[in-house]
Amino acid sequence: MDYTLLFVQVLNGVQLGLLLFLVASGLTLVFGILDFVNLAHGSIYMVGAFIGASLTFYLGNFLLAVLIALPITGLVGYAIERLVARNLYDKDHLDHVLGTFGLILVLNTSAHLIWGPEGIAVPLPAWLDGQVELFEGAVIPTYRLLIIATGLGVAAGLFWLVNYTRLGMLIRAGASNRTMVSALGIDIQSLFALVFALGAMLAGLAGMLISPITEASIGMGGQIIITTFVVIIVGGIGSMKGAFIAAILIGLIDTLGRAFLGDLFELVMNADAAQTAAPAVSAMMIYILMAAVLAVRPQGLFPPKVR
Amino acid sequence: MGKLTRTGFITVLVMVALAVLPPMFLWSGQAFYMDLATRLVILAIAAVSLNLILGFGGLVSFGHAAFIGLGAYAAGIPSYHATWGGFEAIATYNGLFQIALAVGISALYALVTGAIALRTKGVYFIMITMAFGQMAYYFFLSLDIYGGDDGLTIDVRSELPGINLDNPLSLYLLAYVSLVVAMVIKFLIVNSRFGMVLQGAKGNPERMVTLGYNIYLYRLVAYVISGAMAGYAGFLLGNFTTFISPDMLDWTRSGELMFMVILGGAATIVGPVLGASVFILLEEILSSYTIFWQLPFGLMLIGVVLFIRGGLMGFFKGKGD
Amino acid sequence: MSAILNTSALCKSFGGVTATDNVSLEVEAGELHAIIGPNGAGKTTLISQLSGALRPDSGVIEFKGQDITTQPAHKRARLGITRSFQITSLVMGMSVLDNVALAVQARDGHSFRFIKPARKIRHLRDAAMQSLAHVGLDARADTATSALSHGEHRQMEIAIALASGADLMLLDEPMAGLGPEESNTLVSFLKTLKGQRTILLIEHDMDAVFALADRISVLVYGRIIATGTPGEIRNNADVRHAYLGEE
């Protein structure tokens with residue numbers, strides 16, 4: 001086995017996992033606190049990518065564009081909370097799902113109206129566009145290291161926020177006892193809106209980070225949302241720690257599966273069969289993992305205590 | 001009694017319209033509307049099947065398009081091999097065999113995924129059914145032999161005794177009769193002892209367990225019946241479009257199906273048919289005006305969720321039911 | 001004397017809180033056995049373990065001589081245990097008759113019967129109507145359950161327990177929320193059941209308990225501190241001390 005290749009693929013897997021975590025953390029936060037299923041979370045990820053792309057071209061500076069696009073995406077999230085989500089909290093999950101499904105159509109079509117049907121490739125500044133050789137033979141695009149660093153930084157920030165701040169305390173209390181928090185005189189409506197906007201910013205950030213690698217496109221939200229669901233199901237819905245671990249796990253399994261499953265299959269079957277079977281099986285691997293986890297623990301790996 | 005007759009009236013009205021209008025379109029040379037009606041009726045079968053678990057079982061299943069896709073591929077793959085060789089065991093144009101395969105595979109997929117998904121409840125169930133649906137999507141997407149992303153063209157439609165599916169009217173009539181049969185089957189199931197248990201488990205699972213019902217098993221059986229029925233709809237859809245692609249299995253298709261059910265009125269027999277009709281017609285009308293038709297469509301969807309309780313059937317029946 | 005239900009050394013705790021502490025209870029066939037105790041004594045938790053909604057941490061539950069400790073709720077129901085709920089638990093979207101008929105239907109073995117309309121099946125309907133008539137709700141049979149009053153819902157709970165044909169009825173505060181008159185009606189109704197069914201009754205209404213029970217167990221902080229006839233319990237010093245707060 002080629003260990004250098006393995007190392008590079010592991011880094012790729014971690015990078016995918018961290019991006020998944022950014023999207024999943026917002027979703028799990030919103031679900032954990034508001035008991036609200038937001039299918040349109042993937043569309044917010046897409047909106048973030050498009051806003052970031054436009055600003056990159058307008059400002060000519062990717063990092064600056066991301067910094068400005070973040071609060072704008074947060075505002076989009078805030079507006080969605082105000083106009084749609086807020087009216088759905090009291091309804092059942094079926095209504096959440098249908099309402100936010102409608103929201104997906106609205107957001108995706110709006111993106112189509114504003115940015116056109118084609119994807120937008122986002123250029124990186126020269127210093128990010130190169131590669132680094134970590135050790136003999138292990139060449140990594142600099143930008144991927146930036147994604148990993150950003151992902152880890154945001155994850156650390158989120159753990160600090162949820163576990164050690166007043167806002168985090170309110171968030172955790174709000175999850176377990178909504179009336180209690182409002183009885184304490186805290187404006188629960190504003191808290192919810194804030195959490196929603198925060199979730200939108202996290203998803204938007206992931207979209208902005210991925211777009212220089214893939215590109216900003218309309219279909220991107222629909223793809224990531226399901227993988228994100230798998231992440232939070234495996235991790236345990238509402239659990240930040242679970243989302244993190246599951247995201248990394250799924251990022252690794254998906255990446256390594258696609259990279260090495262074909263070779264692995266060739267050990268036990270002929271090359272033709274292996275080349276047919278491997279892509280199909282690796283595409284299903286994370287779902288098989290999900291099924292396996294659920295068969296043993298229907299509540300996911302780290303179910304939150306309350307609920 | 002007034003309520004009952006009004007439901008009956010709407011049922012008859014919708015079904016008569018679907019029986020009479022499309023052939024008239026065909027004879028007046030408007031084949032396009034005939035196509036529309038065929039798609040509508042086939043999707044209505046799928047919506048009726050989904051409503052068994054969604055409306056009557058209270059199970060918010062978000063992966064129903066997978067069963068339709070499996071059914072469509074069950075028609076397409078044997079036909080593909082019959083034309084191009086390979087996979088002798090299933091290579092055939094025989095429609096009865098393909099139907100058996102479509103229903104069998106969908107039922108099996110429903111059994112396996114349902115057995116896992118039904119161990120969970122609430123939002124977990126929604127997400128898991130969605131994920132299993134998407135698993136089937138990615139499976140076909142990565143099967144290059146059947147076209148992968150590009151899809152699979154059915155060169156030869158299924159051969160059924162006495163029915164020529166190449167004739168649009170025959171295909172439509174088969175779909176229509178299938179829809180009526182599906183509605184009758186569902187009507188029987190819903191009112192049977194099995195159906196009472198299913199509905200009881202929707203209203204109060206704890207009570208049903210206390211009475212001695214193993215609601216997991218009842219739900220699983222309903223899930224399998226529903227999946228099998230959707231697989232049959234998929235067989236028809238494959239023969240209608242003669243082109244199958246993973247896009248048929250995408251989770252947004254499941255969402256649309258779900259919306260048809262809710263739009264028409266869950267927990268009614270004719271509701272999904274009405275919902276599918278309104279959905280398809282609206283889609284058709286809006287998209288003829290603008291390529292951005294999904295924008296008003298999405299807004300309407302949000303509006304329905306926020307303002308119309310009980311779907312169109314609830315609306316027609318009047319408030320205070 | 002034969003015990004239909006036996007528990008030995010039953011324990012259940014939530015986090016650090018002990019809800020059931022070493023409970024050994026014997027319910028004899030045909031008796032009306034009441035469990036009383038202050039709020040938070042663990043009465044509902046005990047019932048839930050008997051019905052199978054909760055699994056005890058340790059201890060054994062025997063029903064008709066069979067160890068049912070690990071049986072799921074629906075299997076216990078089939079063996080002949082039914083419960084009513086403290087907070088009304090009915091299928092609100094169905095008619096009163098359908099609710100009760102489902103209890104009758106559960107006795108017939110499996111319900112994987114897909115063709116014949118359930119409402120046209122004679123014996124289901126008759127048996128359900130009989131139970132409803134028993135509690136005086138037959139006139140309301142075709143009404144939507146959600147349209148009934150709280151008192152009527154409580155009656156329905158009893159009708160369902162009757163219709164299930166269970167040998168052992170676990171009644172969790174059947175009088176909760178009833179006015180004095182309704183309570184009296186229910187007490188006299190439960191009296192008519194005595195000897196026919198074994199009943200384990202949890203109730204706050206002391207007048208009702210002392211009027212009905214053959215034997216009473218007193219549960220305090222998850223522990224049974226006394227069991228005896230109403231007369232014995234009334235004069236038990238521990239009970240007076242712990243439960244009634246008297247010195």
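Colleague: Which residues of α6(B) are buried?

Modeller: This is a predicted model. In α6(B), the buried residues are L171(B), Y172(B), L174(B), A175(B), Y176(B), S178(B), L179(B), A182(B), K186(B) and V190(B). The list includes K186(B) and S178(B).

Colleague: How many residues does helix α6 of chain B have, and what does it reach from its first C-alpha to its last?

Modeller: The helix covers residues 168–191 of chain B, which is 24 residues. Its end-to-end reach is 35 Å, close to the 34 Å expected at 1.5 Å a residue.

Colleague: Now a single position. Where is the place of I154(B)?

Modeller: I154(B) sits in a loop of chain B, between β1 (152–153) and β2 (159–160).

Colleague: Why is I154(B) classed as buried?

Modeller: The test is a count of neighbours: a residue is buried if 20 or more other C-beta atoms lie within 10 Å of its own. I154(B) has 22 other C-beta atoms within 10 Å, so it is buried.

Colleague: Which residues is I154(B) in contact with, leaving aside its neighbours within four places in sequence?

Modeller: A75(B), G76(B) and S79(B) are among them. As for A66(B), it is 88 residues from I154(B) in sequence, and the two C-alpha atoms are 19 Å apart in space.

Colleague: On to the whole chain. How many helices and strands does chain B have?

Modeller: Chain B has 13 helices and 4 strands. Its radius of gyration is 19 Å, close to the 20 Å that the globule rule gives for 321 residues, so chain B is as compact as a globular protein of that length. Along the principal axes, its C-alpha atoms fill a box of roughly 55 × 45 × 40 Å.

Colleague: What percentage of the residues of chain B count as buried?

Modeller: The share is 56% of the 321 residues. Contacts can also be sorted by sequence separation. Among those in chain B between residues at least 6 apart in sequence, 77% join residues at least 24 apart.

Colleague: How is the size of an interface often given?

Modeller: Often as the accessible area lost when the parts come together. Here I use residue counts. The contact between chains A and B takes 37 residues from chain A and 38 residues from chain B. On the side of chain A that touches chain B, the elements giving two or more residues are α4 (93–115), α9 (220–235) and α11 (271–296) of chain A. Of these, α4(A) gives the most, with 16 residues. By class, that side has 26 nonpolar, 10 polar and 1 charged residues.

Colleague: How many residues of chain B are in contact with chain C?

Modeller: 21 residues of chain B are in contact with 28 residues of chain C. On the chain B side, α6, α7 (193–203) and α8 (205–211) each supply at least two residues. The largest share, 7 residues, comes from α7(B). That side of chain B divides into 9 nonpolar, 9 polar and 3 charged residues.

Colleague: Into which domains is chain C divided?

Modeller: Domain 1 of chain C takes 1–80 + 167–247, and domain 2 takes 89–165. Their C-alpha centres lie 26 Å apart. In the contact between them, 8 residues of domain 1 of chain C meet 8 residues of domain 2 of chain C. On the domain 1 side, β7 (168–172) and α6 (180–193) of chain C are the elements that give two or more residues. The residues of that side divide into 6 nonpolar, 1 polar and 1 charged.

Conventions
Residues numbered from 1 in each chain as written. Chains lettered and ligands numbered in written order. Predicted model: local features only at pLDDT ≥ 70, side-chain atom pairs only at ≥ 80, totals over all residues. Contact = placed C-beta atoms within 7 Å. Nonpolar A, V, L, I, M, F, W, Y, C, P; charged D, E, K, R; others polar. Buried ≥ 20, exposed ≤ 12 C-beta atoms within 10 Å, placed from the backbone. Rg over C-alpha atoms; globule rule 2.2 N^0.38 Å. Domains from an automatic or database assignment. Expected span 1.5 Å × (residues − 1).
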